[in-house]
Amino acid sequence: MATSAATSPSHFEAIAKQAETARTQDRVPDAIRLYGEGIRLRPSWADGWWYLGSLLYDQDRFNDASSAFQHLTSTSYRGPAYAFLGLCEYENRNYEAALKSFRAWAGAGWAGSPELVDVALFHFALLLTQDGRPVESLYLLASVAPRLGDVPELSEAMGLASLGLRYLLENYPPELRERIWLAGKAALYAAQSPHDFARADEFASRLEKRYSGQPDIHYFRGTIFTFENKTAEAEREYREELTISPHHSPSMVALAALDLEKANRVEAGELARHAIEADPENPEAHHLLGRVLMENGDLHDSLSELATAKRLAPDNAGVRAHLAMVYAKLGRSQEAKAESAALLALKNKEGVMAPLTVKLRGAKEGAH
Amino acid sequence: MICRVLLASFLAAAASSTALAQVRQASSPQSFDQLLQSAEKARDEDRNDEAIHLFRLALVQNPNSEEALWFLGAMLYEKEQFAEARNVLRSFLAIRSDAGPAWALLGMSEFQTRQYPRALQHLQRAMAEGMGDRKELMQTVFYHVTILLTRLERYDDSLDMLQRMLASGAPDPTLIEPAGLAGLRLPYLPAEIPPDQRDMIALAGKAVVALQMQRQDEVNADFERLVVAYPDQPGVHFLRGASLAELHPDQAMAEFERELAISPSSALARVRLAQQLIAAGEYDRALALAQQAIQLEPKRASAHMMAGEALIAKGDTSGGIKELETARQDDPSIGRVHWDLLRAYAATGRKDEAGKEKSEIEKIYHSNSPSHSQSLGDSSRDSQPPQ
């Protein structure tokens, strides 16, 4: 069978070469046209899809770029393609699809150039906040904060997450702007390496002064104090939060954790139970109650609580560590080994479900 | 919508200059031409929904038609369909990247969809490409660039933009709040001002505008009222100090000290205080403050500049040059740093390097017309060389 000139390998190679030349010479429209022609000739040309998608993305043509990156999710470009896909879908306001793509990106090992990783992490975090997962969001944002420094968009994103406000940068009510700015600056400075607690305190205290009667403000102040190891001040703030928001589960968990640190297991247990009543889906509340019960020697009830925490937060390394301990104490060595293995596998994700204080510590360590 | 009325006249003007005569690239020219003609007729007759529909059909025939993309983008903007307008204008600009008015509409669309960093970037591109003689469009773009610069914490750039706007026209009451926000260094858009801060911001804005327009009789009274009414608010004493720095350095120093008591981690107040102390010959304290400012904000060029000036004044020329070189690296556009380096290199016999600094100074003073006499923000904005 004769091969037509349009589909012959030499014709494809000529187009590919012209596309590369156009791209390296910054003739973007020509490069886009030529890469388009190249992938029509050879739809399996992964490099062609990659450069086409990247060029379209750089031109803010997110719909077209998204289609190009879709073709790469089963190729060697899989990791970064998912990151770009998430970014395109974010720009196209397909937030659910964007979140799914970012999760796939994370599952593929967070691949990409340092610039792509920063941008994708930032947008992933924004979507996590909107999805009601501010702690995971802060983990991601705090991990890039020392490198990026005092960037207004970053502090704004941290402000939203710190106050647990389920919005994106583009859609929060204007009347929230001041508190988001103040909380964001406090969180950002606390997450710097070395920590800039002086400035974090300055902004946190301005926030508290301006919005002392509003929910979540004292809890946030408490987390900053906890991070600074100012436990008395932190405790005061968490209790203040509970006078404003009596069912504030994260404050109860934070207080329970402080009690547990002081070996005050009775009060820690009561607070953890109240936190579970207020929010049965709070994994940290179950985790803490599990720890209290473990320390009390009530291993069966502890196991039950930790299993609930594991179901709610399967990526929480701390829960797996305590589960391994309880299984070991119960003599269930196979299950203890399995949890230890899961713990090791989660090592790189450690802290994903941990409190803000742990996140910020993680960010600090990660920066070194 | 601020831009809507001017857009209508802009569209009309653009229509007369476009291009039924242009070469069209449709794969089926007749069909495309018919669609485009019908769309333009519908637009001329204010049947806008129909025109939008027809432009869309035309783009199916020829996705790269400049006319169809431009008119569709502009009409969608006019109908406040900002997200779609943005997408269409992006496609237009991929073909016609030199079209200043299209960058303006893209930036304005992105402002409306609250993509502020991108909006700022594209509005600044509109300024760079130019918008012809469309004065109203330019004013709209300038206004939004000003408020976006503040929103993104580029207060000094925002104050510079305000200065340009005030210098080029009659007093504009819509600039009062932007001036107050930039002066107090509060990163809000006017629409985001907390209700209980509106009076303070308006008062600060009035004072800033009076100062920038050199209405000296109003300046002192306005700033005095601001300080008396809001003595404990962050930013107020800094602004007052900056306004006094040139004529009343002692009072300015006292205001900067007050600001530091309220905002202890303000690098900027330290830099401005250091600047005053250098002028007063108090080099040790100036150096200490500049070094603290560097610790707080290592990338703030003016902090390194002050440290360099203080070190040189104390006799440590090589240490001073090192700091000044850091300042130059962090921000090569500061004329004062090049002046400092010119003097320091000349004093140490480094003639070639001094010559280079002289050329840099000439370049900077040719490209910027240093119109304002006094900075309300960072010292690096001072146009005058150090004494």
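**Cavities, domains and local geometry of a predicted model**

The second largest cavity is lined by Tyr90(A), Glu91(A), Arg93(A), Tyr95(A), Glu170(A), Arg86(B) and Gln115(B). A cavity is here a set of points, on a 1 Å grid over the protein atoms alone, where a 1.4 Å probe fits but cannot get out, and lining residues have an atom within 4 Å of a point. This cavity holds about 50 Å³ of space, a volume being the space filled by probe spheres set on the points, with grid points joined across faces, edges and corners. Two nonpolar, one polar and four charged residues form its lining; Ala, Val, Leu, Ile, Met, Phe, Trp, Tyr, Cys and Pro count as nonpolar, Asp, Glu, Lys and Arg as charged, and the others, Gly among them, as polar. The count of cavities of 30 Å³ or more comes to two.

The model is predicted: local features need pLDDT of at least 70, side-chain atom pairs count only at pLDDT 80 or more, and totals for chains, interfaces and linings use all residues. Residues are numbered from 1 along each chain as its sequence is written, chains are lettered from A and ligands numbered from 1 in the order in which they are written, and side-chain values use heavy atoms, with hydrogens and water left out.

The pLDDT, the predictor's confidence in each residue from 0 to 100, averages 91 in chain A, and 92% of the residues score at least 70. In residues 350-368 of chain A the pLDDT is below 50, and this stretch has 42 contacts in the model beyond near neighbours in sequence; contact means heavy atoms within 4.5 Å. Where pLDDT is low, the predicted coordinates should not be read in detail.

Chain A has 20 helices and zero strands, taken as DSSP runs numbered from the N terminus (helices H or I, at least four residues; strands E, at least two). The C-alpha trace of chain A spans about 85 × 55 × 35 Å along its principal axes. An automatic or database domain assignment divides chain A into domain 1 (8-95), domain 2 (113-246) and domain 3 (277-359). Between the C-alpha centres of domain 1 and domain 3 of chain A the distance is 44 Å. Of the 368 residues in chain A, 54% are buried, where buried means under 20% relative accessible area, exposed over 50% and partly exposed in between (1.4 Å probe, protein chains only).

Glu208(A) lies in helix 11 (residues 197-210) of chain A and is buried, at a relative accessible area of 16%. Apart from neighbours within four places in sequence, Glu208(A) contacts Ile217(A), His218(A), Arg221(A) and Glu237(A). In chain B, Tyr143(B) belongs to helix 8 (residues 135-151) and is buried, with a relative accessible area of 16%. Its contacts, leaving aside neighbours within four places in sequence, are with Met165(B), Thr174(B), Leu175(B), Pro178(B) and Pro190(B).

Most residues other than glycine have a negative phi, and most peptide bonds are trans. The bond joining Ser193(A) and Pro194(A) is cis, with omega about 0°; Pro194(A) is in the loop between helix 10 (177-190) and helix 11 of chain A. Asn229(A) has a positive phi, near 60°, and lies in the loop between helix 12 (217-227) and helix 13 (231-244) of chain A. Asn229(A) is exposed, at 60% relative accessible area. Gln214(B) has a positive phi near 55° and is exposed, at 53% relative accessible area.

Terms used:
1 Å grid on protein atoms, 1.4 Å probe; cavity = no way out; pocket = protein on both sides within 12 Å on 5 of 7 lines; lining within 4 Å.
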